[in-house]
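User: Please take a close look at one part of this structure, the packing of its helices, and describe it in one connected account.

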Amino acid sequence: MRRFLVFAAAVLLVAWAASAGYAQMKIATPEDYDKTMKAIGGAMGATNKAIASGSLADAKTSLATARSNMMAVQAFWMERKKDDPAMIAKDALARMDAADKALSGTDAAAAGMAVKEIFGTCQACHMKYRDPDPNTPKSFIFKPGVL
């Protein structure tokens, strides 16, 4: 039993350190931005999948990954003094916080609705600042003049 507790503590420590690393991540280039956005998309997909399977704890974990990456997205826009996309990212973070609270409960339907609100924010930003990449399916590029 003691080995298990030590192992569990070590796993939690590694997960915490990894999430701290995500929070400190800096997006320097449009390519970094794309990688970060894909990480957010993957984490949000995992969040939805976990909610659908009834694993709200797993959903919270993947949502935390998405949130850490979204913090880097917000910083990216703030550094470029682009207030509107920075505010959209801030709104996404607020919705992620609300979803995290919903995931702390036992109502998977409420958690799912809270996560859907995040996707609405993502869609609003993509409609305004991104275009589908004609060379890569399911990828996006910045609209001309955005950066």
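**Helix packing around α2**

Analyst: In this predicted model, the contact between α2 and α3 draws on residues of both helices: Y33, T36, M37, A39, I40, A43, M44, A46, T47, A50 and I51 come from α2, and they meet L56, D58, A59, S62, L63, T65, A66, N69, M70, V73, F76 and W77 of α3. By class, this contact comprises 17 nonpolar residues, five polar residues and one charged residue.

The geometry of this pair can be stated as follows. Helix α2 covers residues 30–53, and its axis comes within 8 Å of the axis of α3, with a crossing angle of roughly 155 degrees. Angles over 145 degrees count as roughly antiparallel, and α2 and α3 are therefore roughly antiparallel to each other. The crossing of these two helices, α2 and α3, is left-handed.

Helix α2 also packs against α5, which spans residues 108–129; the two axes come within 10 Å and cross at roughly 160 degrees. The helices α2 and α5 are therefore roughly antiparallel to each other, and α2 passes α5 in a left-handed crossing. On the α2 side, the contact is made by M37, M44, T47, N48 and I51, while α5 supplies A108, A111, G112, V115, I118, F119 and H126. Eight of the residues in the contact of α2 with α5 are nonpolar and four are polar, with no charged residues.

Within α3, which runs over residues 56–79, one further position may be considered, namely Q74. Q74 counts as buried because its relative accessibility is 17%, and buried means under 20%. Leaving aside residues up to four places away in sequence, Q74 touches A86, A89, K90 and L93.

The cysteines C122 and C125 complete the account. C122 is buried, with a relative accessible area of 18%, and C125 is buried as well, at 10%. For C122, the closest cysteine sulfur is that of C125, at 8.0 Å, which is too far for a bond. Seen from C125, the closest cysteine sulfur is that of C122, again at 8.0 Å and too far for a bond. A disulfide is a covalent bond between the sulfur atoms of two cysteines. The cut-off applied to such a pair is 2.5 Å between the sulfur atoms, and the structure holds zero disulfides.

Notes. Residues are numbered from 1 along each chain as its sequence is written. This is a predicted model: local features need pLDDT of at least 70, side-chain atom pairs count only at pLDDT 80 or more; totals for chains, interfaces and linings use all residues. Side-chain values use heavy atoms; hydrogens and water are left out. Helices (H or I, at least four residues) and strands (E, at least two) are DSSP runs, numbered from the N terminus. Buried means under 20% relative accessible area, exposed over 50%, partly exposed in between (1.4 Å probe, protein chains only). Contact means heavy atoms within 4.5 Å. Axes are lines fitted to C-alpha atoms, for helices over the stretch in contact, and angles run from 0 to 180 degrees between N-to-C directions. Angles under 35 degrees count as roughly parallel, over 145 as roughly antiparallel, 65 to 115 as roughly perpendicular and the rest as oblique. A crossing is left-handed if the near helix is turned anticlockwise from the far one by less than a right angle, and right-handed if clockwise. Ala, Val, Leu, Ile, Met, Phe, Trp, Tyr, Cys and Pro count as nonpolar, Asp, Glu, Lys and Arg as charged, and the others, Gly among them, as polar.
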